[in-house]
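Please look over the following protein chain. The paragraphs after it go through the fold as a whole and then turn to some local details.

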Amino acid sequence: MVVFTTAFRRTVVASVATVSLTFGPLSTAIAQALTLNGAGATFPAPLYERYAAEIKKKYPDMQINYQAIGSGGGVRQVIAGTVDFGGSDAAMTDVQMAEVKNGVLLVPTAGGAVAVVYNLPGVNNLKLSRKVLPAIFSGQITRWNDPKIAADNPGAKLPDQPIKSVVRADGSGTTFIFTNHLSAIDPYFKGRVGVGTAPKWTTNPIKGKGNPGVAAQVARTTGGIGYVEYAYAKQNKLQTAQVQNKQGAFVSPSLETANKALAAVKYPDNFRVFEGDPADGYPIAGLTWLMVYKQYSDPAKAEAVKKMVEWVLTEGQDLNDDLDYTRIPKSVADRARAVVKSNVK
């Protein structure tokens with residue numbers, strides 16, 4: 001029986017998403033249904049849900065289960081060897097990759113913006129400069145009517161109330177993208193909080209599990225401000241701030257502005273990218289990767305993984321725009337497909 005389930009369904013109340021994809025005949029080596037289990041980033045969960053719906057129409061003989069538990073959890077499970085593949089919005093470090101017994105490859109699947117979402121009734125089109133945004137999340141600015149925020153928003157009726165920051169409770173690639181940007185533009189933030197999937201926040205923030213959890217906390221917290229993958233903000237109609245980029249422009253998150261930010265990204269041989277402050281476009285943008293092993297004990301699983309990657313980096317890319325994710329450039333996708341085809345055994 002074909003299974004297609006998800007606990008996410010694009011709502012702010014879910015914290016874990018389960019996506020089941022169904023593929024078809026892969027080769028004579030896969031003569032019956034085969035299951036691959038994966039876990040990791042919540043950032044691409046809406047996209048992977050769409051992949052699932054489309055792929056199962058075409059291929060009925062293979063099932064892929066993906067648990068959206070956060071990038072940190074995905075990396076840990078790949079290192080432990082308890083999944084067949086993982087997902088992460090933070091590229092694995094050299095140390096982490098060295099811990100994977102069967103070797104690992106990083107496969108970029110999409111990119112996107114991390115939106116700064118807020119709950120401030122009566123305040124629309126909030127602007128946050130490069131000085132203000134990191135100061136909020138490092139605890140230097142604590143009230144909404146702070147003169148520095150007011151300077152960015154002339155004429156806005158900013159309330160005299162505390163800022164309630166909302167962050168991820170789990171190890172998160174979305175957090176990595178967010179803190180990577182703030183660290184790139186503010187030395188104080190870099191020194192106090194730093195870059196990471198689970199940094200030591202100094203603001204005693206409210207915490208939510210996964211992108212849906214943060215979105216839900218912001219939605220219910222007057223004076224709240226947090227960060228989520230752009231699709232979550234858009235689908236749940238959360239207010240998003242305009243963030244100042246390197247050019248000095250205040251930019252809203254969107255597919256167009258994320259594409260502009262990631263257009264100049266250069267992908268090395270291992271496809272790891274750590275861009276913290278793009279030259280243009282929306283400045284808080286990053287990529288998400290599948291993590292697949294080089295060596296599988298079951299040859300059928302190796303072939304299934306290669307088939308999955310092949311589909312994601314060809315037909316799958318045509319779906320990215322629909323859910324506000326950037327595509328992986330064809331030249332890069334072709335390189336990644338070739339690397340997986342020749343190295344996964």
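Predicted model: local features only at pLDDT ≥ 70, side-chain atom pairs only at ≥ 80, totals over all residues.

The protein chain contains 13 helices and 13 strands. Its radius of gyration is 20 Å, close to the 20 Å that the globule rule gives for 345 residues, so the protein chain is as compact as a globular protein of that length. The C-alpha trace spans about 70 × 35 × 35 Å along its principal axes. Among the 345 residues, 59% count as buried. Of the contacts with a separation of 6 or more, 77% are between residues 24 or more positions apart. As for charge, the chain has 38 positive and 27 negative charges, and their mean positions are 4 Å apart.

Two backbone details remain. Most residues other than glycine have a negative phi. Asn125, although not a glycine, has a positive phi of about 55°. Asn125 sits in the loop between strand 5 (104–118) and strand 6 (127–128), and counts as exposed because its relative accessibility is 52%, the cut-off being over 50%. Asn204 also is not a glycine and has a positive phi, of about 50°. The loop that holds Asn204 runs between helix 7 (187–192) and strand 8 (206–208). With 73% relative accessibility, Asn204 counts as exposed.

Terms used: Residues numbered from 1 in each chain as written. Heavy atoms only, no water. Helix = DSSP H or I, 4+ residues; strand = E, 2+ residues; numbered from the N terminus. Buried < 20%, exposed > 50% of the residue type's maximum accessible area, 1.4 Å probe, protein only. Rg over C-alpha atoms; globule rule 2.2 N^0.38 Å. Contact = heavy atoms within 4.5 Å. Lys, Arg positive; Asp, Glu negative; His and termini not counted. Charge placed at Lys NZ, Arg CZ, Asp CG, Glu CD.
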